[in-house]
Amino acid sequence: MLGLRFSRLVHAAIASGALVLGACPAEPGDTDSDSDTAATEMTTDTDGPLPTTGPPDPPPPPPGDITPPGLQAVTMIDPFTLQLSFTEPVASVETVNPKRFRLSLARGYFGTYGGQPGTYLRSPQYYNFTEYCPPPPPGCYYDPQPYYCYYGGCYYQQTPPIEVADLFNHYIDPTLVVLSLTTPIQPSLCNILNAPEDPVFDFVLHLHYASGGLSQITDLAGLPLPPLSDAWVKNDSNYYNYPNSPPFSNFNPFLPIPCTLF
Amino acid sequence: MHPALHPGSPPPADDQDVEFVLRAVPELAFFPEVAACVPAVPATGHWPPGRDAFAGHDLDDLRAHVLQGLTALGERAERERSGGLAFLVRTLTYFLVGPAALPAVEHPLLVALLLRGAARAHEGVDTPLEIARAMDRWG
């Protein structure tokens, strides 16, 4: 993108000092070096190094596990199942509330000049359609069919919300957790992910997670999994926006769920 | 008009402000100081044209004219005490000539003016909004 490339060049030029924000750069003498010099002079007035009272204290013993678990990837196993990969084994998730998780269809806008870049979250159900073919009314099985039998046939309808129904530890690998969904993912949702219609937009399916409280995901040492864009979990609405920021920059980590099912 | 281009606008104070000011380029292409630089562009088949439509074009004249226009805009910024406009002019000039000069099809103001030239063959698109949208799809 033209705007993104130019923006990076401008920030690099500012960082290098080639470009300045204000019209008047700082005066040559108006720097912090004076105070640094004064501080240096003060320290050089001493007669030598400070006396020591003995050998230094031994270093503290190495701590135990101080690194919280991290989410590495989310993959689709089948239309009803997601698999979460963690950086280390996690404790039992039996008591973890599935409501801590929420899926979003995140739309990133990469434009610079035609609007603000940002990330716009929507409930995936709005893009998840199933084909419904109502049975023909009685009396339409004969030939020729009466005119009221030509009622339109099949149509696509929106599915119920795609929510996390339950979660389980993987039965072999302790670094994996499996999520089951209330509604299956449909090809229409994958089509949005795989083929955005406009080059300044990108769509990803993303999982959000809210931490805190007692029943949360932890590693074996009890350290909790950090939240992942949890505003979407705590928000009851079907819409949420992160305007005026690079697309998907509010996801930390950014783990789009690839669709390889259809 | 973009707030950064108003008389009396402050210069950008941080990275976020810089981003905001840089978005004013499409409107800057409609200022009279540079509007005269809009080149004559052969009609293209579709709108918006991409960078490929201008591959191989000699755009040195355009660059020279835009430099004059930016000089005049710098004087306007000083006259109107517009810190946003002054920053934008400095930035665009920095990347227009000299060691940091960008290819014409990478320089936002040159691109905006090229698009304005192409827009003449398409009714209703020679507006800041349509030029902005076309810049986002420039590639």
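Student: How many residue pairs in polar contact does the rule find across the interface of chain A and chain B?

Tutor: First, this is a predicted model: local features need pLDDT of at least 70, side-chain atom pairs count only at pLDDT 80 or more, and totals for chains, interfaces and linings use all residues. Residues are numbered from 1 along each chain as its sequence is written, chains are lettered from A and ligands numbered from 1 in the order in which they are written, and side-chain values use heavy atoms, with hydrogens and water left out. A polar contact is a pair of N or O atoms within 3.5 Å; within protein, one must be able to donate a hydrogen and the other to accept it, and residues adjacent in sequence count only if both atoms are side-chain atoms. With both residues at pLDDT 80 or more, the count across this interface is 10 residue pairs.

Student: Which element of chain A gives the largest share of the side that touches chain B?

Tutor: Helices (H or I, at least four residues) and strands (E, at least two) are DSSP runs, numbered from the N terminus. Nine residues on chain A's side come from one element spanning residues 2–16, the largest share, and that element is helix α1.

Student: What is the area buried between chain A and chain B?

Tutor: Going by contact (heavy atoms within 4.5 Å), 27 residues of chain A meet 31 residues of chain B. Buried area is the accessible area (1.4 Å probe) that two parts lose on being put together, summed over both. Carbon and sulfur atoms give 62% of it here, and the total is about 2,500 Å².

Student: How many salt bridges are there over all chains?

Tutor: The rule wants a side-chain nitrogen of Lys or Arg within 4 Å of a carboxyl oxygen of Asp or Glu. Searching the whole structure that way, you get eight.

Student: Which residue of chain B does A:Arg5 pair with across the chains?

Tutor: A:Arg5 sits in helix α1 of chain A, and its partner in the loop between α5 (83–94) and α6 (108–119) of chain B. The count between the two chains is one salt bridge. Its N to O distance is 2.9 Å, and the partner is B:Glu106.

Student: Is B:Glu106 buried or exposed?

Tutor: Buried means under 20% relative accessible area, exposed over 50%, and partly exposed in between (1.4 Å probe, protein chains only). A:Arg5, at 27%, is partly exposed. B:Glu106 comes in at 17%, so B:Glu106 counts as buried.

Student: What else joins A:Arg5 and B:Glu106 in their salt-bridge network?

Tutor: B:Glu106 forms another salt bridge within chain B, with closest N and O atoms 2.6 Å apart, and that partner is B:Arg51. B:Arg51 lies in the loop between α3 (32–35) and α4 (60–80), and B:Glu106 in the loop between α5 and α6, so the pair ties together parts 55 residues apart in sequence. Through shared partners, A:Arg5 and B:Glu106 are joined into one network with B:Arg51.

Student: Why do A:Tyr126 and A:Tyr239 count as stacked?

Tutor: Rings of Phe, Tyr and Trp (its six-membered ring) pair if their centres lie within 6.5 Å; planes under 30 degrees apart count as stacked, over 60 as edge-to-face and the rest as tilted. The structure holds 14 aromatic pairs over all chains. For A:Tyr126 and A:Tyr239 the centres are 6.1 Å apart, and the pair is stacked because the planes lie at 10°.

Student: How far apart in sequence are the parts that this tyrosine pair ties together?

Tutor: A:Tyr126 is partly exposed at 26% relative accessibility, and A:Tyr239 is partly exposed at 46%. A:Tyr126 lies in the loop between β4 (118–122) and β5 (129–132) and A:Tyr239 in strand β10 (residues 239–243), so the separation is 113 residues.

Student: Which ring does the charged end of A:Arg102 sit over?

Tutor: A charge sits over a ring if NZ of Lys or CZ of Arg is within 6 Å of the ring centre and within 35 degrees of the ring normal. In chain B, B:Arg116 does this over B:Phe30, 3.8 Å from the ring centre. For A:Arg102 the distance is 3.8 Å, and the ring belongs to A:Trp232.

Student: How many helices does chain B have?

Tutor: Of its 139 residues, 50% count as buried. Chain B has zero strands, and its helix count is seven.
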